[in-house]
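Thank you for making the time this morning. Please have the sequence and the model open while I talk.

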Amino acid sequence: MLVHPSLTHALAQALVDVLWFVEGCEDEQMDPDDAVKVLEGAALLVTQLTSDQRCEFIDLLDSMAAEESDPSRREFLEGFPEGFGLIEDDS
């Protein structure tokens, strides 16, 4: 059984797991409109975090990415902060 160091870490992992699944679904697995609603809803949720909460979440994502052995999931974790609006795009 996987033990998380905190409830925050467990919930962050659960959120990432759900969003990783939704983003990877084929149209036959999940309606594309529903997938977009889920992803946009999550993005709205995380953009409403306080600055301290955003920093904590980004730090968790960084540590999760560092521990990830699957290259595509690691890439998802590394791109999460920008992709879900936690940080601004510098371009």
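Let me begin with a convention that we will need for the packing: a crossing is called left-handed if the near helix is turned anticlockwise from the far one by less than a right angle, and right-handed if clockwise. Please also keep in mind that what you are looking at is a predicted model. The pLDDT of the chain averages 90, and 95% of the residues score at least 70. In the chain, confidence is lowest in helix H1, residues 7-24, with a mean of 92, while the highest value, 94, belongs to helix H4, residues 71-83.

With that convention in hand, I will start with H3 and H4. The angle at which H3 and H4 pack is about 165°, and their axes are 9 Å apart. Angles over 145 degrees count as roughly antiparallel, and H3 and H4 are therefore roughly antiparallel to each other. Their crossing is left-handed. On the H3 side the contact is made by Phe57, Ile58, Leu61, Met64 and Ala65, and on the H4 side by Arg74, Leu77, Glu78, Phe80 and Pro81. If we sort these residues by class, the contact of H3 with H4 has eight nonpolar and two charged residues, and no polar ones.

While we are on H3, let me point out Asp62, which is placed in that helix. Is Asp62 buried, partly exposed or exposed? Its relative accessibility is 46%, and Asp62 therefore counts as partly exposed. The C-alpha atom of Asp62 is separated by 9.6 Å from that of Phe80, although the two residues are 18 apart along the chain.

Now to H1 and H3, the latter spanning residues 51-67. The axes of these two helices come within 10 Å and cross at roughly 70°, which makes H1 roughly perpendicular to H3. The crossing of H1 and H3 is right-handed. Which residues meet here? From H1 they are Thr8, His9, Ala12, Gln13, Leu15 and Val16, and from H3 they are Glu56, Phe57, Leu60, Leu61 and Met64. The residues of this contact of H1 with H3 divide into seven nonpolar, three polar and one charged.

One of the H1 residues in that list is His9, and I would like to stay with His9 for a moment. His9 has a relative accessibility of 10%, and so counts as buried. Leaving aside residues up to four places away in sequence, His9 touches His4, Leu60 and Met64.

The remaining helix pair I want to discuss is H1 and H4. These two pack at an angle of about 110°, with their axes 11 Å apart, and H1 and H4 are therefore roughly perpendicular to each other. Their crossing is right-handed. H1 contributes Gln13, Val16, Asp17, Leu19, Trp20 and Glu23 to the contact, and H4 contributes Ser72, Arg73, Phe76, Leu77 and Phe80. By class, the contact of H1 with H4 has six nonpolar, two polar and three charged residues.

Gln13 is buried, since its relative accessible area is 18% and the cut-off for buried is under 20%. Again not counting residues up to four places away in sequence, Gln13 touches His4, Met64 and Arg73.

Glu23, also found in helix H1, has a relative accessibility of 47% and therefore counts as partly exposed.

Finally, let us turn to the segment after H4, where Ile87 is found. With 39% relative accessibility, Ile87 counts as partly exposed. Not counting residues up to four places away in sequence, Ile87 touches Ile58, Pro81 and Glu82. The C-alpha atoms of Ile87 and Thr47 are separated by 8.9 Å, and these two residues are 40 apart along the chain.

To close, let me return to the helix pairs: H3 and H4 are roughly antiparallel to each other, whereas H1 is roughly perpendicular to H3 and H1 and H4 are roughly perpendicular to each other.

Notes: Residues are numbered from 1 along each chain as its sequence is written. This is a predicted model: local features need pLDDT of at least 70, side-chain atom pairs count only at pLDDT 80 or more; totals for chains, interfaces and linings use all residues. Side-chain values use heavy atoms; hydrogens and water are left out. pLDDT is the predictor's confidence in each residue, from 0 to 100. Helices (H or I, at least four residues) and strands (E, at least two) are DSSP runs, numbered from the N terminus. Buried means under 20% relative accessible area, exposed over 50%, partly exposed in between (1.4 Å probe, protein chains only). Contact means heavy atoms within 4.5 Å. Axes are lines fitted to C-alpha atoms, for helices over the stretch in contact, and angles run from 0 to 180 degrees between N-to-C directions. Angles under 35 degrees count as roughly parallel, over 145 as roughly antiparallel, 65 to 115 as roughly perpendicular and the rest as oblique. Ala, Val, Leu, Ile, Met, Phe, Trp, Tyr, Cys and Pro count as nonpolar, Asp, Glu, Lys and Arg as charged, and the others, Gly among them, as polar.
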